[in-house]
Amino acid sequence: MTKLICPECRRENEPERIYCHDCGTKLDRSKVISSVKPSDKRAQESKRVRDMFNPHRAKMRFLFFKICKVILGACATALVILMILPAEVPPPQKEALSLSQIGLELENAITSHRTAPLQYTQEQVNQYLGSALKSKQKALNKPWLDFNRVVVGFREGKCDLTVERSFFGYSLFTTDSVAVQLADGKIKATSRGGAIGRLPVYPQLMQYLDVIFADVWTALDRERKLVSKASAVEFHDKTVALTVTSPQ
């Protein structure tokens, strides 16, 4: 290594120094600069160029990006498949079912001011919804999406409401899962998540997607008002219980 000798104190300094370590005199670095031969510089530059255009390295970089694209494409395809898969709901009834008396029974219990526990299965509720929304089907149709039906499913502590719409004859499903509480004549619904097809949606995100069900909630406004007048609602496995308490 080339040592830099201070012209004042004759101290040997390291080649990277600019000023003397002892006296601070500026060192003459011309010898260090001249020690790097032009041929060495050209060799270093040639090596950098070869590294940049190394076919093996370029091939590995190309392979890396190709694998990343394949993985991203596979993930996107899997998400789309989950979104278009049909939800796990009962098949639609081939024959029209008779109108359920749920609405009438609940209205009579409220107007008669008597305590009346009412319990229904999810099949009975689905029959009622099919009859109640049949006349509102045209209003529930959207551009490119035709309304088919609404299906509810009851689980312990929450209710799953699934809307089936069709896009050029292919059914698409969206599900909203909520926990319901009644207080002061109002329904308080807390999101418990949902799904698009079979793709789960977290509760935090489902709060923003609730607009998808706005037209259905509007169509069921009468039923919502009747339920809000009950004193309590409880969801159990495939059943719902409504309690109407007479005023004191």
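**Exercise 1.** In this predicted model, find how S6 and strand S7 pair, and over how many bridges.

*Solution.* Begin with the two strands themselves: S6 and strand S7, the latter covering residues 186–196, run antiparallel to one another and are joined over nine bridges. Next, look for a particular pair across them, and you will find that aspartate 176 has glycine 194 in S7 as its bridge partner. Finally, follow the chain through the turn: the hairpin of S6 and S7 has two residues between the strands, and in it aspartate 184 adopts a positive phi near 55°.

**Exercise 2.** Describe how strand S5 and strand S6 pair, and what stands opposite cysteine 159.

*Solution.* Strand S5 spans residues 158–167 and strand S6 spans residues 170–183, and the two pair in the antiparallel sense over nine bridges. Within this pairing, the residue in S6 that stands opposite cysteine 159 is valine 178. In the hairpin of S5 and S6, which has two residues between the strands, phenylalanine 168 has a positive phi near 55°.

**Exercise 3.** Decide whether cysteine 75 and cysteine 159 are buried or partly exposed.

*Solution.* The cut-off needed here is that buried means under 20% relative accessible area, while exposed means over 50%. Cysteine 159 has a relative accessibility of 10%, so this residue counts as buried. Cysteine 75 has a relative accessible area of 43%, and is therefore partly exposed. A search of the whole structure for disulfides finds zero.

**Exercise 4.** State how many helices and strands the protein has, and what share of its residues is buried.

*Solution.* The protein contains nine helices and 10 strands. Of its 248 residues, 29% are buried.

Conventions. Residues numbered from 1 in each chain as written. Predicted model: local features only at pLDDT ≥ 70, side-chain atom pairs only at ≥ 80, totals over all residues. Heavy atoms only, no water. Disulfide = S-S within 2.5 Å. Buried < 20%, exposed > 50% of the residue type's maximum accessible area, 1.4 Å probe, protein only. Helix = DSSP H or I, 4+ residues; strand = E, 2+ residues; numbered from the N terminus. Pairing = 2+ DSSP bridges.
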